[in-house]
Amino acid sequence: MTKRNLIVVSNRLPLSLKKVDGGYESSLSSGGLVTSLSGLTKTTTFSWFGWPGIDITDETEQGQIRKSLDEHNAVPIFLDNELANNHYNNFSNAILWPILHYQSGINFEEGPWEAYQRVNEIFADTIAEAAQPGSLIWVHDYHLMLLPRLLRDRLAGKNCAIGFSLHTPFPAGDFWRNLPVQKDLLRGLLASDVIGFHTDEYKRNFVLCAESLADAKVKESGTLEYEGHEVVAEKFIVGIDPQKFTDALQNEEVQNRIRDLQRRYMGMKVIVGVDRLDYIKGLVQKLKGYDAFLDQYPELSNKVVLIQVAVPSREDVKEYQDLETELSTLAGRINGKHSTADGCPLIYMHRSVNFSELTALYSVADACLLTSTRDGMNLVSFEYVACQAQRHGVLVLSEFAGAASFMKEGCLTFHPANMSEMVDAVHQAVTMSGDDRKSRYETLRHFIETNTSAKWGETFIETLTKHVEGGR
């Protein structure tokens, strides 16, 4: 069997670079995308293109970096700091990210938009040069929405297939139309052969926008026709590798940590929250909801603890700094109000925790509370379930997380802005009977074991391969 040639493209390479004597060392990060693609190595040879995260202009040093990354089949696309900052922070994250997550009131500026276009062009030039006839090209996420079109123009005659996966929501048309350049971005995406979304809702929103704003035609087969070629817009459920967590739970260090935490919180109900510090995660709503829960059930204030990990994110952006200040203030106020000499009902950590600590925290928690106001999928919900084979913990999940559209039968869902709904859901979680916990848990476990990251990667690549082999 001939191996397929796959080019994976993301804004950042999933590698970290370290300068050492006479060159650079690179090591692979352990992201979800890395895991999902590791299962494809039997049938596919793939190389990964992206920005290495550092500004290097010296050609000798660039050569050293290329050599180091080549060991991991990675290819760097070099950008100067100003261009990278304008593309990533000032357009992708300050303008595009809010719209994709249903936030209004963006300030559109030409400079960042020009940088976004320029970076997409630099990526297109590099990838088009490297692509072989028949290559599969899989582009990832909102930083590179113009890339499929730029590649299609450059790859004419090479019969390459272009796939695109969006890892955020795709919003309803009213929100999408707030972007002055939304038609350019739609045209960019519609040059793909296959476009993947996390849920049916995001797919439906995209198809409606493509139809009404870019004149794409929906065919009877459900595919789209745009400028003479066929586009498959489909839901592909992204997941995790549950085995990674099962293995970690056998680790002696993790087992010892679990025992420590169990002793520390003996006789208490532990609720865990793990979120990036981002306004889409609903952390202010979570802390206010937990405060209201403690007000309503004061008898539980010594029997329940919320351990909230808020992983630092975009710390140089004012909105994120303000959010962190607000959360720290809220956390202090809650503990000031509800703590006793016996302990406090909230542990708030504004830092990353390592994988062993995270696995132990997931394992000892009786419930996991996730309050996203909008979230592409939210894989923390999957990770928590993967660590709960013994305890059958309860997942309390915002209805606005993509995961809720698949997991609602096994978890408790609520509207993150409805305080009484959140309070009721938390109370139900910490008082639920063992039988109810077990049956709900088994539903969730089946879902995460059926929809793994490896299956997501394989399904997408199969769809893309069929599309190119079946002609267009």
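Modeller: Gladly, and let me begin with the chain as a whole. Of the contacts in the protein chain with a separation of 6 or more, 79% are between residues 24 or more positions apart; contact here means heavy atoms within 4.5 Å. This is a predicted model, in which local features need pLDDT of at least 70 and side-chain atom pairs count only at pLDDT 80 or more, while totals for chains, interfaces and linings use all residues. Residues are numbered from 1 along each chain as its sequence is written, and side-chain values use heavy atoms, with hydrogens and water left out.

The protein chain has 18 helices and 17 strands, taken as DSSP runs numbered from the N terminus (helices are H or I of at least four residues, strands E of at least two). Its radius of gyration is 23 Å, close to the 23 Å from the globule rule for 472 residues, so the chain is as compact as a globular protein of that length. That radius is taken over C-alpha atoms, and the rule is 2.2 Å times the number of residues to the power 0.38. Along the principal axes, the C-alpha atoms fill a box of roughly 70 × 55 × 50 Å. Buried residues make up 55% of the 472, where buried means under 20% relative accessible area, with a 1.4 Å probe and protein chains only.

Now for the close look, at Leu412. This residue sits in strand S17, residues 412–414, and counts as buried at 6% relative accessibility. Setting aside neighbours within four places in sequence, Leu412 touches Val394, Leu395, Val396 and Leu397, and its contacts also include Ala425, Gln428, Ala429, Met432 and Arg440. For a sense of scale, the C-alpha atoms of Leu412 and Arg66, 346 residues apart along the chain, are separated by 48 Å.

Leu166 lies in the loop between strand S7 (161–165) and helix H6 (173–176), and is buried with a relative accessible area of 1%. Beyond four places in sequence, its contacts are Asp141, Tyr142, Met145, Gly196, Phe197 and His198. Thr465 belongs to helix H18, residues 453–469, and is buried at 8% relative accessibility. A polar atom of the Thr465 side chain lies 2.7 Å from the backbone oxygen of Ile461. Outside the four places either way in sequence, Thr465 is in contact with Arg4 and Leu136.

Note on methods. Buried means under 20% relative accessible area, exposed over 50%, partly exposed in between (1.4 Å probe, protein chains only). A polar contact is a pair of N or O atoms within 3.5 Å; within protein, one must be able to donate a hydrogen and the other to accept it, and residues adjacent in sequence count only if both atoms are side-chain atoms.
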